[in-house]
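I'm opening a notebook page on a structure that is new to me. Below are my entries, in the order I looked things up.

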Amino acid sequence: MSLVNKEGAKALKAQVLGDIDVRGFELSGAIYKHFSQLHEIDYYPVKNIEELLLRQKEYEVSQIGVWADVPKGLVRFSPSGASKCERELYYKAIKAPQDIQTMYPFQRRWTRNASAIHEAVQTDLLYAEYLLKDPSFKVARMNNGLPAWEKNLQTCKTLKHNGIEFALLGMMDGVLWYTKDGSKVGFEFKTKSTTIGAVGNFKMKDAQDSHKEQCVAYSILFGMDEFILMYESLAKDNWNKGADAKLDFRTFYLKVTEDDRNALLNKFSKIAKAVKENETPAGDFDKCLFCPYKTVCSKQEEDIA
Ligand code: SF4
């Protein structure tokens, strides 16, 4: 490549990255404003939204005990596993015995609060598109009129990569339409339950890598490139702080590229091949904290030593 071409490539890269930055700033700012504007106003229940939420609930109840249709004999992955240790995904695929997990009551309240806020945020999205004068986002709908989120859009895709077949099964927090240009954007919502500082500018510079990788899996599953990741702290600043209150939620933009998708497909196909060949992949010992296979993994390490 000539120097001129190199310079040209550099300029093009800077321009592309610049475009992503501009777009990211626009979309992450728009969703921040979208929620803030809704939370600035008092409002009462709206009958057609509450009816829609009832239909949503009815559908969720109808799905209790109904298992997704996954092709038999294929290793199955999920978006939340995208960033996990390859060995952990391998153990999951071969149904290795899991450690007994001790959950303390406060931890269950922690996850219960996170789930409740998830639902509240989705309700907010429906109210925002109805109540705001000029909403920046609208929730996409399924063919049956239900919002495009959760179980409503659960999908299982059979994929073939590097000659290996496997399945990817998942759902996501929402598909939104950006009203300004009609583009489709994935919405991923996360909570932080420790301190409000967890979502502050100092501690949170960007979306977490593991959540970005989850979006890459959504991109493969649902065929979209743009995502907004939103983090809300369940802890809030003092009530009397008023306009000086610390930030309690943050929003980030992610543009998924073909390279991102390929890297994840390489990882999944490598694990599916390892399962087929009965070959345990190497462990990533930086990712052990929440892994339920610590016992079987350490035994395997002893056997290797
Ligand atoms: S214990 Fe750690 S290295 Fe072993 S499978 Fe789990 S995450 Fe991977």
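**Entry 1: around the ligand**

I began with the shell around the ligand, to which α3 (86-93) and α7 (294-304) each supply at least two residues. Here helices (H or I, at least four residues) and strands (E, at least two) are DSSP runs, numbered from the N terminus. I noted that α3 gives the most to this shell, with three residues.

Before going on, I wrote down that this is a predicted model, in which local features need pLDDT of at least 70 and side-chain atom pairs count only at pLDDT 80 or more, while totals for chains, interfaces and linings use all residues. Residues are numbered from 1 along each chain as its sequence is written.

Which residues come nearest to the ligand? Of the 13 around it, I found C85, G283, C288, C291 and C297 to be the nearest. A residue counts as near a molecule or strand if its C-beta atom, placed from the backbone, lies within 6 Å of it. I sorted the shell into seven nonpolar, one polar and five charged residues. For that sorting, Ala, Val, Leu, Ile, Met, Phe, Trp, Tyr, Cys and Pro are nonpolar, Asp, Glu, Lys and Arg are charged, and the others, Gly among them, are polar.

**Entry 2: the five-stranded sheet**

Next I traced an open sheet of five strands, in the order β2-β5-β6-β7-β8 and with mixed pairing. Two strands pair if DSSP finds at least two bridges between them. At the edges I have β2 (137-139) and β8 (249-255), each of which pairs on one side only. From one strand to the next, the twist averages 35 degrees. Axes are lines fitted to C-alpha atoms, for helices over the stretch in contact, and angles run from 0 to 180 degrees between N-to-C directions.

I then checked what packs on this sheet. Helix α4 (residues 105-131) does, touching β2, β6 and β7 (226-233), and its direction makes about 115 degrees with that of β2. Helix α5 (residues 209-222) packs there too, touching β6, β7 and β8, at about 145 degrees to the direction of β6. Contact means that the C-beta atoms of two residues, placed from the backbone, lie within 7 Å.

**Entry 3: a look at β6**

Strand β5 (residues 175-178) and strand β6 (residues 183-192) run antiparallel, joined by four bridges. One pair I picked out is L176 with its bridge partner V185 in β6. These two strands form a hairpin with four residues between them, and G182 in the turn has a positive phi of about 75 degrees.

How do β6 and β7 run, parallel or antiparallel? They are parallel, with seven bridges joining them. I also saw F187 standing opposite I228 in β7. I put β6 down as mostly covered, since eight of its 10 residues are buried. Buried means 20 or more other C-beta atoms within 10 Å of a residue's own, exposed means 12 or fewer, and partly exposed is in between, with C-beta atoms placed from the backbone.

**Entry 4: the three-stranded sheet**

There is also an open sheet of three strands, ordered β1-β4-β3, again with mixed pairing. Its edge strands are β1 (76-77) and β3, each pairing on one side only. Two bridges join β1 to β4, and the two run parallel. R76 stands opposite A167 in β4.

I came across α5 again here, lying across β3 and β4 at about 105 degrees to β4. Helix α6 lies across β1, β3 and β4, and I noted about 115 degrees to β4 for it.

**Entry 5: two asparagines with positive phi**

Most residues other than glycine have a negative phi. I looked up N162, whose phi is near 50 degrees, a positive value. N162 sits in the loop between β3 (155-161) and β4 (164-170). It has 12 C-beta neighbours inside 10 Å, so I count it as exposed.

N278 also has a positive phi, near 60 degrees. Its place is in the loop between α6 (258-277) and α7. With 8 C-beta neighbours inside 10 Å, N278 counts as exposed.

From S62 to E50, 12 residues apart along the chain, the C-alpha separation is 18 Å.
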